[in-house]
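I opened this structure for the first time and kept notes as I went. The entries follow the order in which I looked things up.

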Amino acid sequence: MEIRVLRYFEAIARLQNVTRAAVELHVAQPSLSVAIKKLEEELGVLLFTRVRNQPLKLTEEGHLLLKRSKRIFSEIERVEQEIADHQKLRTGHLKIGVPQMYGYTQFPHILKQFHQTYPGIRISVIQNSANTIRSHLEEGQLNLAIIDERRIHRKWPRISLEQQEMVASCALDHPLAQKESMQDNEFEYLPLILMDDTFLQRNIIDKRCEQAGFRPNVIIESNYIPTIVQATLDGLGVSTLLRDLVEKTPNLHAISLSPKEYCHFHLCWLDEDALSQAEHAFIRFISEFKDKIN
């Protein structure tokens with residue numbers, strides 16, 4: 001089984017079409033088809049279901065091979081990166097996953113300090129929900145992630161960063177803008193602007209509402225923080241955000257939940273041996289920098 005053929009397979013699986021894959025890979029279509037046919041013969045299984053004039057679909061075995069292939073590609077990329085990293089870290093690549101809410105507030109400040117220390121390291125930040133970031137970490141698509149402790153397996157190595165308060169937020173001209181704290185039952189009839197259910201903040205508010213005996217009245221659901229912030233500023237409803245974000249946004253008011261709710265953020269990783277020099281440098285940097293947060 002050759003890496004080259006696995007890359008052929010991944011492109012076909014992603015594009016669901018041999019012709020488009022051939023164009024992307026700059027390989028003749030007949031050669032691509034023959035390579036995949038030989039791979040299926042080597043494995044003794046069909047990797048695709050083939051229906052005339054229909055997109056190619058992966059079989060169960062095809063899904064398994066695709067998952068393993070992505071891990072192989074990640075390992076190859078990691079080895080290439082480690083070899084390319086200069087011993088003094090004048091070059092390198094840091095790739096890290098961060099929940100959107102945290103990536104919107106404190107994390108840019110951390111990146112600024114890290115870049116000033118290691119100006120030659122290229123930084124890629126993957127922002128998504130905590131669930132998605134955790135999945136990327138488990139699947140080997142990421143080596144480092146900053147996520148809330150409720151999404152971290154107890155055996156994972158980690159460095160505690162900080163805790164931030166999750167609050168309700170509204171526009172300054174909203175009727176609730178005079179409040180500093182609110183009970184869960186006060187959410188019952190409010191129009192809410194929330195992240196979708198892959199995000200921790202949404203899971204938290206859904207659970208609190210359920211425990212209070214009602215379903216939240218969600219009028220806008222988004223996975224894009226600027227949309228939620230602007231809809232809140234426009235007075236369309238109440239949202240749940242981190243206090244740091246609310247206090248840095250003009251014309252937004254923060255209201256503590258009662259009892260208060262906090263997110264505890266940690267830098268975590270799974271495999272020490274898989275970390276590149278740049279990733280090790282970031283862990284060392286965070287160990288020294290964390291006491292300066294807040």
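Which element gives the most to the lining of the largest pocket? I found that α4 does, with six residues.

**Ground rules.** I am working with a predicted model, where local features need pLDDT of at least 70, side-chain atom pairs count only at pLDDT 80 or more, and totals for chains, interfaces and linings use all residues. Residues are numbered from 1 along each chain as its sequence is written, and side-chain values use heavy atoms, with hydrogens and water left out.

**Overall.** I listed 11 helices and 11 strands. Both are DSSP runs numbered from the N terminus: helices are H or I with at least four residues, strands are E with at least two. Along the principal axes, the C-alpha atoms fill a box of roughly 70 × 55 × 35 Å. I noted that 48% of the 294 residues count as buried (buried is under 20% relative accessible area, exposed over 50%, partly exposed in between, with a 1.4 Å probe and protein chains only). I then looked at contacts, meaning heavy atoms within 4.5 Å. Of the contacts with a separation of 6 or more, 74% are between residues 24 or more positions apart.

**Largest pocket.** Back to the pocket I started with. I read its volume as about 360 Å³. Its lining has 16 residues, and those nearest the centre are Ser 74, Glu 77, Lys 95, Gly 140 and Gln 141. Two or more lining residues come from each of α4 (60-84) and β3 (92-99). I sorted the lining into three nonpolar, eight polar and five charged residues. In this sorting, Ala, Val, Leu, Ile, Met, Phe, Trp, Tyr, Cys and Pro are nonpolar, Asp, Glu, Lys and Arg are charged, and the others, Gly among them, are polar.

I wrote down how the search works. On a 1 Å grid over the protein atoms alone, a cavity is a set of points where a 1.4 Å probe fits but cannot get out; a pocket is an open set with protein on both sides within 12 Å along at least five of seven lines; lining residues have an atom within 4 Å of a point. Grid points are joined across faces, edges and corners, and a volume is the space filled by probe spheres set on the points.

**Second largest pocket.** I read about 170 Å³ here. Of its 13 lining residues, Arg 71, Arg 78, Gly 140, Asn 143 and Asp 271 are the closest to the centre. At least two lining residues come from each of α4 and α7 (130-138), and α4 gives the most, with four. By class I have four nonpolar, three polar and six charged.

**Gln 100.** I placed this residue in helix α5. Is Gln 100 buried or exposed? Gln 100 is buried, because its relative accessible area is 13%. Its side chain reaches the backbone oxygen of Asn 223 at 2.6 Å. Beyond its neighbours within four places in sequence, Gln 100 is in contact with residues including Phe 199, Tyr 224 and Ile 225.

**Helix α6.** In residues 107-117, I marked Phe 107, Ile 110, Leu 111 and Phe 114 as buried. Down the axis of α6 they fall within an arc of 100 degrees, so they line one face of the helix (the arc is taken from the directions from the helix axis to the C-beta atoms). The buried residues of α6 pack against β3, α5 (100-103), β4 (121-128), β5 (144-148) and α11 (277-289).

**Helix α2.** In residues 18-25, the buried ones are Val 18, Ala 21 and Ala 22. I saw them within an arc of 100 degrees, so they line one face of α2. Their cover includes α1 (3-15) and α3 (29-43). After α2 comes His 26, with a positive phi near 60 degrees.

Note on methods: A polar contact is a pair of N or O atoms within 3.5 Å; within protein, one must be able to donate a hydrogen and the other to accept it, and residues adjacent in sequence count only if both atoms are side-chain atoms.
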